[in-house]
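Please open the model in your viewer and keep the selection panel at hand. The tour below goes from one selection to the next and says what is found at each stop.

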Amino acid sequence: MNPIFWLPEATSLAERVDHIFYGLLALSALTLLLVFMLVVVLAVRYRRGSAARRGPLPEIVNREFEIGWTSITLFLFLFLFWWAASADLRSLAAPADALEIHVVAKQWMWKTQHPSGAREIDALHVPIDKPVRLLMTSQDVIHSFFVPAFRVKQDVLPGRDTEIWFLPTRTGVFPLLCAEYCGTDHSMMRGRIVVMRQQDYAEWLTQQPEGDDLAHEGARLFVARGCSGCHAQSSSVHAPKLAGLYGRTVQLSDGRQVKADDGYIRDSMLQPKRDIAAGFEPIMPSYAGLLDDGEVQSLTAYIRSLAAQTGKADD
Amino acid sequence: MTDALLTGDLPLPAHPDYLRDGTSLTSWLTTTDHKRIAILYAITITIFFFMGGAAITAVRLELFMPNGGLLTSDAYNKLFSFHGIIMVWFFLVPSIPNTFGNFLLPLMIGAPDVAFPRLNLFSWYLTIAAGAFTVYALLAGGVDTGWTFYTPYSTMFSNSHVFAAAAGVFVVGFASIATGVNFIATTHMLRAPGMSWFRLPLFVWATYATSLIMVLATPVLAISLLLVMAERWLGLPIFDPAQGGDPILFQHLFWFYSHPAVYIMILPAMGVVSEIIPCFARRRIFGYDFMVYALIAIAGIGFFVWGHHMFVSGQSPYANLIFSFLSFVIAVPSAIKVFNWTASLYRGQISFEAPMLYALGFVGLFTTGGLSGLFLASIPVDVHVTDTYFVVAHFHYIMVGGAVSGFFAGLHFWWPKVTGRMYPESWARFAAILMYSGFNMTFLPQFVAGYLGMPRRYHTYPPEFQIYNVMSSSGAAVLALAYLLPLGYFAWSLFYAERAGNNPWGASGLEWTTTSPPPPKNFDRQPRVDRGPYDYHPEGESAGLNPPEVQNAREVR
């Protein structure tokens, strides 16, 4: 539970967001004060029948005045845009060494999986001072991964991966909330993020029940679901080989080019007719409905792991 | 001796005003008089307003406790959805345009009626039909998608009456479009001789700008809801990602309408306030032409900021930047308007009847709401506070603090013209102050709760937010009282209050030159216009104590 009257700043981002927030708050308070003062002072001074001077209006009250405050407002707002936008741009890309956690959302729970294969429900343990990157997908409707103390929020979509990253800077337990309305128990779709010291995290991981990591599980599924029947090196079916595929630019039969990223690989499994690789027949059946989102993530992780082995697999 | 005799005209034969020109129910239900249609709308939206209000009363009661206890989660979700759908499409969107717009637009431009009187009546019947769909959805068991109908929840996962509710909103959209077309045509074609564009009162400009948005944006709402209905009932996979659809497409379509819709709600209120402040300050509005350009700029730029509702939806970060930029830009014309209203008080002769109190309250609340909009235009801050109570507070400041205050301001200001009776001033002032206080008590704590991380649409919530919810719910009780009060004293005034003269406020503007209530065709003689609006004092002078010289028609019918 967060405190009642303030919100902890538990990531590197939180501090930056709060700077902007408090800057805007000060500016708003000043503006509001100015407008209220003006309204009250003018209303009292120029109440009907008061002795305040009226007569011909002074020269200053004219068009230049109007243009003046319009330009001041405009420049002020442009400055605010620049300030906020540059903070946003700085935090876009996750560092390369980030810990990669997979998140699957469904009505009304969060499932998380660590690189080691350890899984959690409605909870996520992470080490302090190490960037964490979340790859998220939903099995049903749109959810939103919201950790107020981290100042991060990202919608979690069905049929697509979205990601965010953060760098925890403070140990403790912080609420995780679903912020996008997702049906009956939307408000119960809560969890907790536990930020631990690094050695505690390592220890915690060893105590988790054994689980295959995603790529290993993907390798198992690759055989179990019959993918290997066509896509394995030894197969005689004319199908694209997957080693070294991830991250490469793929030529499609209709002349387009796409980058083989997570989205492309997911689409190729679930809607194979959409992007046909050049030189191949559209013979692959769709796996939509046969693979759940967790399995799609595992298979994607497996295909990604093959990219590292390009050299020996291509011979 | 009447004015007419004084000026040397022959007296016209006496005839009943529009309220007494036919008293049967049929004469009301088949009327094409824009003033009577305005009354029909006023009654309709009042009923809807209290329906939406009843729904949110239950919600606010439930939120006293972190774990509720009065309602099930499903009931809670249906109540806030009903509140949103009713308040947005059946109260706020038609509120000022269809009541005051209908009543005043022809009067203000010196016309006998709107351009298409029968279309006007048809639009009211569409509203009734649409309301029937939506209320049916409630009675049949409710709809639980929120007013936003987000896919794929609304298309594939909700077991509630999405189809009926969406159909209701789809139909009421056509009422909006019909009204918009009617007002645009009226403003173009039916202005009195001498009423050039830059002599139009700002309320007319605001109504005109609103009509443009209605006509251009509402079809997109119709398209998006039609697609939801098509997917729900025909199974067309438009938003289903498993079949190649895109749920985010719906959000783009929806907000392409719904962001401009915010301006459909607030521009008319700005128009109302721009009439009232000059009248009670006895001043020309400061920077009339800038006010006009600001209205048009808001209406125009309003079409290009919809993406700021979607900063965390997974849309491109570069798109986010563009939408953030444009959202800051659109704040400029709003700021201009606030400065100009304030500057219009300078060297005025200000009096503080209820309409003025509401109008000044509007300026304060709109400014607060607008400033909180800057937080939401800043991407990193928006990421944190979007979908929390911060956003709830923000849009209620604009749409309730702004639009509803504007509505009540107009209601008091034009009540004498509409009904021919004054309202009880002390009660009205009391209600205005109560409404302002109750509003801030309700929604100010929500900014704090939102920043601390309380998500919106939460039936149960973490206990640390209870204090803010208790404050908010208590404020809502005050606010509810403030909304019920006018219902009482307005009803009382219809029968017992003193009769109003033609121009009780000493206001400029053509609507005050005819009788209160006006005759069926508004003016006995064709008005001719020979001056700009807000002619309360000579150019370059300060306010005087005398009401403006009435401009009226000496011309023969």
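The stops that follow take in a surface patch, a cavity and several salt bridges of this predicted model.

Begin by selecting A:M1, A:I4, A:F5 and A:W6 together with B:I467 and B:M471, which make a nonpolar surface patch of about 650 Å². Within this group, B:I467 belongs to helix α16 of chain B, residues 466-496, and counts as partly exposed because its relative accessibility is 35%.

To see the second largest cavity, select its lining, B:Y41, B:W89, B:V93, B:P94, B:N98, B:T127, B:V172, B:A175 and B:S176; the space inside is about 60 Å³. Helix α4 of chain B gives the largest share of this lining, four residues, and the lining as a whole divides into six nonpolar, three polar and no charged residues.

Then select A:R119 and A:E217, a salt bridge whose closest N and O atoms are 2.9 Å apart. This pair links strand β3 to helix α4 of chain A across 98 residues; A:R119 counts as exposed at 52% relative accessibility, whereas A:E217, at 15%, counts as buried.

Move on to A:R133 and A:E163, which form a salt bridge with closest N and O atoms 2.8 Å apart. Because A:R133 lies in strand β5 and A:E163 in strand β8 of chain A, the pair ties together parts that are 30 residues apart in sequence.

Finish in chain B with B:D535 and B:R284, a salt bridge at 2.9 Å between the closest N and O atoms, linking positions 251 residues apart.

Technical notes: Residues are numbered from 1 along each chain as its sequence is written. Chains are lettered from A and ligands numbered from 1 in the order in which they are written. This is a predicted model: local features need pLDDT of at least 70, side-chain atom pairs count only at pLDDT 80 or more; totals for chains, interfaces and linings use all residues. Side-chain values use heavy atoms; hydrogens and water are left out. Patches are made of residues with over 30% relative accessible area and no salt bridge: like charges are joined within 9 Å, nonpolar side chains (Val, Leu, Ile, Met, Phe, Trp, Tyr) within 5 Å. Accessible areas come from the Shrake-Rupley method with a 1.4 Å probe; for residues, only the protein chains shown count as cover. A salt bridge is a side-chain nitrogen of Lys or Arg within 4 Å of a carboxyl oxygen of Asp or Glu. Helices (H or I, at least four residues) and strands (E, at least two) are DSSP runs, numbered from the N terminus. Buried means under 20% relative accessible area, exposed over 50%, partly exposed in between (1.4 Å probe, protein chains only). On a 1 Å grid over the protein atoms alone, a cavity is a set of points where a 1.4 Å probe fits but cannot get out, and a pocket is an open set with protein on both sides within 12 Å along at least five of seven lines; lining residues have an atom within 4 Å of a point. Grid points are joined across faces, edges and corners, and a volume is the space filled by probe spheres set on the points. Ala, Val, Leu, Ile, Met, Phe, Trp, Tyr, Cys and Pro count as nonpolar, Asp, Glu, Lys and Arg as charged, and the others, Gly among them, as polar.
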